[in-house]
Amino acid sequence: MLTVYAVLCLLLSALLGAIRAVPVGIHRPRKERTSRYFNLTITEGTVNPDGGLERFVLLINGHFPGPLLEMYEGEHITVFVQSQVSVEHTVHWHGISQLGSPWSDGVPGVTQLPIAPGGSFTYRWIADQPGNHWYHAHYGLELEDGLSGPIIIHSASDRPAPFHLISSDVNALEAAHRSTHIMQIRDWNHLTSQEQLDIWHASNIEPLCPNITSRASRSTEWTNLEAIPDSLWHDCIPAPDSPLEVVEVDPSSGWASLSFVNTGSHMDLKVSVDEHPMIVYSADGHYHEPQEVHTIQIPSVNLIIAKPLLLILGITESTGQRYQAFIKLDKPAEAYTIRAAVVDAGQALSGFAILQYTSAPSAPELYAKPGYPPLPPSKPYIDYTGHLVSEHLDFLEPLSLAPYPASPPPLGPADATFHFSFGAPSALEWALNGTGLRDTHLINPPLLWDWISAKNGGDPSICSVENGSIVDLIFHSVQTPPHSMHKHGNKAYVIGAGNEAFNWTTVAEANAVRPDLFNWETPSIRDGWNTLGAFDTPAWMVVRYLSTVPMPTLLHCHIDKHMAGGMLAVILESMDNLPAIPIEYALPELLGQ
């Protein structure tokens, strides 16, 4: 495994920008097998991925990040998780619908009790969502302590793919797609999640807030700057001597594929490959009509890239989101810089890696400039701050990704409509609709076992829909930044958005007045989306889906501290059709009943 790290810093934290190559290993025709088994052992250790500081992490099978889980569409998956750590945790399988297996979604207090120190849990689910996914901790801020890894689900041979829309050499594209380079992108902090929480509570200032004065000035609450360690002010320094990741591609294959996964917890990134436009063909594991771009924006600060390679010119990717792209290997056999730049932070930051043609006659010549590590002399698409160097270049428009094959949203009036507003009731809280389920991991029994009480409890963060319902989720933005929302369970269509107040009760009313703001033919299908930021004027966004997966579904901001601060809700979906819970998942206190 090749590893490269470049420190990325924000005002209050030192963040890692890392590009890590993880090879995809199944390169054979699909075999007739119906099950696959994985063992994951969680242990404690220390790592120094940015060359700056050893710190505590949660390792998976001794590694950070965790191993690739590779499988075929339709297989029955069993993952045995053994805890050898001193903290509670769970594992969520991001992008997996959990149809028929709601007890394996990995949300503490919602679908399971936390895994106790020294305990274990067996997750069982069906790989029914082919594509590029990932798994990660879903307890408190433990994602920031390194517990995550990639998932690749190879699609069935008869599933339509849009490769013929890219090139007549479909076989070469299919081969590149099967051998994609997985690019895990995440922010990294020199402080553990618990240390960050302690600072947050002691100072009354959220770590990683780009402007602490503006954050604190929204209220008359107290702040304690003395509780912020000096290291957060003075040790945010890039590590130019850290070795850069080298992603090797064979030009004789004609194409390479890169699978980007934003496994970070906070900031946006823009990613590009010098002199190589990217043709984006998949988002959140779903094929769409290809879009050629020069940069991808990814809301997170550090970059980890795992093989096989996807070629992308420009994409905006939010925390938890995934994109796959092709790059054409038709340039001179040399080395080219892969760039990741922080977007909209309080500090200009970039991380780098190298794309290396295997047919290059010699090792790449690298040149160092002030503020940069030694890099190839390739021509960039973006500068150090992530801005395109020319107005003639393009970046990805996520909401314009038309599904392939065509898949229009369910039409007609919605059976259920839920309105969500964003807020920060205090310096320690984030909320949907003025409240938040901050401590879902403390709910006992979890909602899966006591959903009737939750349904009748009157909590504005808990909603309920019937099986087969058309559901509209309307997000209202007023004086709030964009939020990287993620919906568990089945995916949703992003059908509309506007930079104005949503002054209607339903989507049908809004569509009658402003049909120009809705897309009823080719809306993007996602399990994660960025809401619109709104400071000068209000804004809104609508997603629609058909409720077909019986389970208590979590809806939350994937910015880790926002979720931990309470920006989440639970939708009790089709609960009358909930499958019988197997005896092995029964709660201990219920076994005797």
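**Entry 1: ground rules**

I take helices (H or I, at least four residues) and strands (E, at least two) to be DSSP runs, numbered from the N terminus. I am working on a predicted model, in which local features need pLDDT of at least 70 and side-chain atom pairs count only at pLDDT 80 or more, while totals for chains, interfaces and linings use all residues. Residues are numbered from 1 along each chain as its sequence is written, and side-chain values use heavy atoms, with hydrogens and water left out.

**Entry 2: helix α2 and what follows it**

I looked up helix α2, residues 193–203, and found that its buried residues are Ser193, Gln196, Ile199, Trp200 and Ser203; buried means under 20% relative accessible area, exposed over 50%, and partly exposed in between, with a 1.4 Å probe and protein chains only. Seen down the axis of α2, these buried residues fall within an arc of 125 degrees, so they line one face of the helix; the arc is that of the directions from the helix axis to the C-beta atoms. I noted for myself that an α-helix has 3.6 residues a turn, so residues three or four places apart point the same way.

Just after α2, I came to Asn204, which takes a positive phi of about 60 degrees. Asn204 lies in the loop between α2 and α3 (212–216), and with a relative accessible area of 5% it is buried. I wrote this down because most residues other than glycine have a negative phi, and most peptide bonds are trans.

**Entry 3: other backbone exceptions**

I found another positive phi at Ser574, near 50 degrees, again in a residue other than glycine. Ser574 belongs to the segment after β34 (568–573), and at 2% relative accessibility it counts as buried.

I then looked at cis peptide bonds. One joins Tyr404 and Pro405, with omega about -10 degrees, and Pro405 sits in the loop between β23 and β24. Another joins Asn444 and Pro445, with omega about 5 degrees, and Pro445 is in the loop between β25 (431–432) and α5 (451–455).

**Entry 4: strand β13**

How many residues of strand β13 (residues 255–262) are buried? I found that eight of the eight are, so the strand is largely enclosed by the rest of the structure. In a regular strand the side chains alternate between the two faces of the sheet. In β13 both faces are covered, with Trp255, Ser257, Ser259 and Val261 buried on one side and Ala256, Leu258, Phe260 and Asn262 buried on the other.

For its partners, I used the rule that two strands pair if DSSP finds at least two bridges between them. Strand β11 (residues 181–185) pairs with β13 in the parallel sense over five bridges, and Ile182 stands opposite Ser259. Strand β21 (residues 322–328) pairs with β13 in the antiparallel sense, also over five bridges, and there the bridge partner of Ser259 is Gln324.

**Entry 5: aromatic rings**

I counted rings of Phe, Tyr and Trp (its six-membered ring) as a pair if their centres lie within 6.5 Å, with planes under 30 degrees apart called stacked, over 60 edge-to-face and the rest tilted. The count comes to 23 aromatic pairs. One of them is Trp93 with Tyr135, which is tilted, at 5.6 Å centre to centre and 40 degrees between the planes. Trp93 lies in strand β7 (residues 91–94) and Tyr135 in strand β9 (residues 131–137), so the pair ties together parts that are 42 residues apart in sequence. Trp93 is buried at 0% relative accessibility, and Tyr135 is buried at 1%.

The rings of Tyr372 and Tyr384 have centres 5.3 Å apart and planes at 75 degrees, so I recorded this pair as edge-to-face. Tyr372 is partly exposed, at 21% relative accessible area. Lys369 lies over the face of Tyr372, at 5.0 Å from the ring centre, where a charge sits over a ring if NZ of Lys or CZ of Arg is within 6 Å of the ring centre and within 35 degrees of the ring normal.

**Entry 6: a buried threonine and the cysteines**

Thr337 is in strand β22 (residues 335–343) and is buried at 0% relative accessibility. Leaving aside neighbours within four places in sequence, Thr337 is in contact with residues including Asp274, Phe352 and Leu375, contact meaning heavy atoms within 4.5 Å.

Lastly, I looked for disulfides, meaning a pair of cysteine sulfur atoms within 2.5 Å, and the count comes to zero. Cys463 is buried at 9% relative accessible area, and Cys557 is buried at 0%.
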